[in-house]
Amino acid sequence: MADPAPSEGRRRTLKTLLGTGATALGAAIVYPIVAYLKPPEVTGEQVTSVLVGKVEDFAPGSGTLFRFGNKPGILLRFPNGSFKAFTATCTHLDCTVQYREDMGLIWCACHNGKYDLNGKNIEGPPPRPLDPFEVVVKGDEVHVTQT
Amino acid sequence: MKSIRTALSGWVEERVDLSGVKEFIQHKSVPKNRHSVWYYFGGVTLFLFIVQVISGILLLFYYRPGADTAFESIRFLMTKVQFGWLMRSVHSWSANLMVLAAAVHMFSVYLTKAYRKPREVTWVSGMLLFFLSLAFGFSGYLLPWNELAFFATKVGTDIAGSVPLVGEPIMQLLRGGPDVGGATLSRFFGFHVALFPAIFTVLLTIHLLLVQKQGMSSPIGAAEHGEEKSMPFFPNFVLRDLLLWLIVLNILAILAVFFPWELGVKADPFAPAPAGILPEWYFLFMFQILKLLPAHIWFIEGEVFGILFFGVAGLLWVLVPFWDRASQRGQNNRLITYLGIFVIVFILFFTILGWVM
């Protein structure tokens with residue numbers, strides 16, 4: 001009668017080889033798919049400053065949305081003529097905020113989040129203040145830059 | 001006519017043995033009891049799904065995905081194409097009715113504890129189909145690329161992004177980038193018309209095969225109440241089913257014709273979220289709760305708390321066949337009934353609150 005040991009060993013080796021091969025095949029299929037689904041970083045020009053408009057375009061006591069790269073920003077002009085700017089993306093769930101003259105604050109329509117005119121979250125669900133921008137007035141041009 | 005039919009069935013039977021199927025249909029019966037009315041809601045959901053497939057394919061003939069073309073193609077469909085407005089209205093209304101029918105089906109199965117052994121897998125597959133229906137609704141909502149859909153998608157994907165650890169990669173996967181834009185629309189289109197239908201078909205096949213194999217569940221204690229009656233599946237139950245489908249088709253037609261679905265304003269990523277923005281009604285209770293939660297609860301952000309709460313509650317709901325031991329033993333578990341009623345009242349309360357506030 002033949003000794004069963006060599007056949008058992010061969011079976012184990014084959015199982016290991018087959019298992020390793022199947023795992024490698026699975027990984028070779030899954031990895032490219034996962035990597036493919038991950039969107040590439042867009043290597044566009046990094047925006048650090050934008051020209052928003054002329055001083056006279058913004059009435060005192062108003063709020064205006066502007067583009068800062070591919071994100072919205074909000075520029076406030078106060079009755080004394082000074083400016084402030086913030087990112088216009090609500091820190092709660094990413095909606096775009098707006099200036100509400102009747103409330104005298106920045107408001108998010110999605111979940112009724114409220115920020116004061118310094119961008120600080122004062123009511124509702126927003127967990128953090130809006131990120132501020134620096135406003136620079138050069139002659140009659142209003143520039144907004146990243147702080 | 002009859003001879004053609006006999007000849008045709010003879011031709012088929014010479015090649016394929018259908019005696020097993022015939023036997024099955026002839027002997028299949030449906031239990032008759034005071035809860036029998038709920039048996040029809042699964043069928044109604046199936047009917048509305050069929051309407052979705054047909055109307056969805058028809059919409060594809062004109063729809064053009066893309067941030068610059070999607071809104072315009074739907075406007076063209078609704079204003080220039082003959083009955084284009086009707087096709088879109090049917091698709092939108094049918095989607096809403098399907099979610100409603102699926103919800104009624106789910107709660108009736110839950111309250112009659114029809115998920116108990118041996119139907120655990122039927123329940124779980126049904127729950128997955130229900131979640132997939134919501135995902136269909138969410139992904140389809142963005143496709144017209146209007147203002148409401150744009151912000152709903154921003155909020156929805158941001159919610160996914162708030163899940164600890166895995167949230168950020170999931171959000172990127174859904175959006176196709178850091179923000180909601182044309183890439184998101186392409187992905188949602190792919191989910192809506194290819195990926196979700198493929199998964200749905202597989203799950204639906206499993207679900208229906210199990211329902212056919214195991215038959216309808218009799219409520220606990222039906223035998224003791226002397227309710228152990230039954231009716232033949234064919235033709236008695238099937239004809240009742242078809243009659244109800246006809247009624248649902250009429251309701252759908254009335255809604256689609258007299259309350260046509262609006263297109264709204266085209267999405268503008270640089271416009272503020274419009275006042276009075278609301279999600280679809282079936283997400284309204286979650287929306288309202290997220291609105292009411294404070295910025296921080298203990299040491300975690302309010303939104304993360306809300307999402308974890310819904311996640312855990314949803315998981316417990318899906319796994320109910322595995323922890324409701326009393327129903328498994330055939331005992332009437334009142335706790336489960338009260339919990340179900342509480343969930344329904346909770347959802348209704350916050351949905352109504354979302355509407356009126």
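Select helix α5 (residues 84–111) and helix α15 (residues 334–356) of chain B in this predicted model; their axes come within 9 Å and cross at roughly 155 degrees. Angles over 145 degrees count as roughly antiparallel, and α5(B) and α15(B) are therefore roughly antiparallel to each other. To see where the two helices touch, show the side chains of B:F107, B:Y110 and B:L111 on α5(B), and on α15(B) those of the contacting residues, among them B:I336, B:L339, B:V343 and B:I347. By class, this contact of α5(B) with α15(B) is made up of nine nonpolar and two polar residues, with no charged residue taking part.

Next, select the interface of chain B with chain A, where 29 residues of chain B are in contact with 28 residues of chain A. The area buried between the two chains is about 2,300 Å², and carbon and sulfur atoms give 61% of it. Now highlight B:F270, B:P272 and B:K291, which supply 25% of the area that chain B buries against chain A, more than any other three residues.

For the charged pairs, three salt bridges are counted between chain B and chain A; one to display is that between the side chains of B:D179 and A:K71, at 2.8 Å from N to O.

Finally, colour α7 (147–161), α8 (167–175) and α11 (284–292) of chain B, each of which supplies at least two residues of the side that touches chain A. Of the elements on that side, α7(B) gives the most, with five residues. The residues of this side of chain B divide into 16 nonpolar, five polar and eight charged.

Note on methods
Residues are numbered from 1 along each chain as its sequence is written. Chains are lettered from A and ligands numbered from 1 in the order in which they are written. This is a predicted model: local features need pLDDT of at least 70, side-chain atom pairs count only at pLDDT 80 or more; totals for chains, interfaces and linings use all residues. Side-chain values use heavy atoms; hydrogens and water are left out. Contact means heavy atoms within 4.5 Å. Buried area is the accessible area (1.4 Å probe) that two parts lose on being put together, summed over both. A salt bridge is a side-chain nitrogen of Lys or Arg within 4 Å of a carboxyl oxygen of Asp or Glu. Helices (H or I, at least four residues) and strands (E, at least two) are DSSP runs, numbered from the N terminus. Ala, Val, Leu, Ile, Met, Phe, Trp, Tyr, Cys and Pro count as nonpolar, Asp, Glu, Lys and Arg as charged, and the others, Gly among them, as polar. Axes are lines fitted to C-alpha atoms, for helices over the stretch in contact, and angles run from 0 to 180 degrees between N-to-C directions. Angles under 35 degrees count as roughly parallel, over 145 as roughly antiparallel, 65 to 115 as roughly perpendicular and the rest as oblique.
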